[in-house]
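Here are a few friendly notes to read beside the structure. Take them one at a time, and look back at the picture as you go.

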Amino acid sequence: MTDLKELAEFSMPAAAVGAAAGLVAGILGAIVGQPFGWALVTGLGLGLPLMAFGIGYAVLVASGKVPAGVFAPAAVYWVIAFPLSLLVHAIATEWVVAGSPGLPAEPWKFLAFRALLSMGFAIGFLWMHEQIGRHWWPHILERNRYARRTVEQYVHLANAMEARKAATGRGRKKRVA
């Protein structure tokens, strides 16, 4: 049970990113004139799957299956998870608007196009995840092994980048002749 509690605590930044995306979608729906119920379904229909997939990504980071802060694994993950999240959103929206759930027209084309868009979401997700995480994980570091491991990965990455910068001379100050 402790393991599950630590994973849940570690995954809070990833869940927050999905919640923020759902909140923005719901607010935008309301701004463009959707009835309150539709805007709520828009926010929840997108936010809940993005939260669930975000937590899945955080579990992969926590378990060491995906390195923290590296774009390529995040891009591969979201090229699958983002279209599926939008598919859930489309089904939920169809259910509310038409009265019964249904797939979008040409679901494979729907998924393929959303897979193309997923790279942008992957960039945004990774950035927000790190921005929230860099404040959250040090806060829970002493009691959460996943946070400790992730912070250590970031420290190691920062040290390696600093060493590489020093080795190439980019870290030296320019001399004035």
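1. Let's start with burial: of the 177 residues in the chain, 33% are buried, where buried means under 20% relative accessible area with a 1.4 Å probe, protein chains only. Please keep in mind that this is a predicted model, in which local features need pLDDT of at least 70, side-chain atom pairs count only at pLDDT 80 or more, and totals for chains, interfaces and linings use all residues. Residues are numbered from 1 along each chain as its sequence is written, and side-chain values use heavy atoms, leaving out hydrogens and water.

2. Next, the secondary structure: the chain has 6 helices and 0 strands, with helices being DSSP runs of H or I of at least four residues and strands runs of E of at least two, numbered from the N terminus. The radius of gyration of the chain, taken over C-alpha atoms, is 20 Å, well over the 16 Å that the globule rule gives for 177 residues, so the chain is more spread out than a compact globule. That rule is 2.2 Å times the number of residues to the power 0.38.

3. Now for contacts, meaning heavy atoms within 4.5 Å. Among those between residues at least 6 apart in sequence, 72% join residues at least 24 apart.

Definitions and conventions
Buried means under 20% relative accessible area, exposed over 50%, partly exposed in between (1.4 Å probe, protein chains only).
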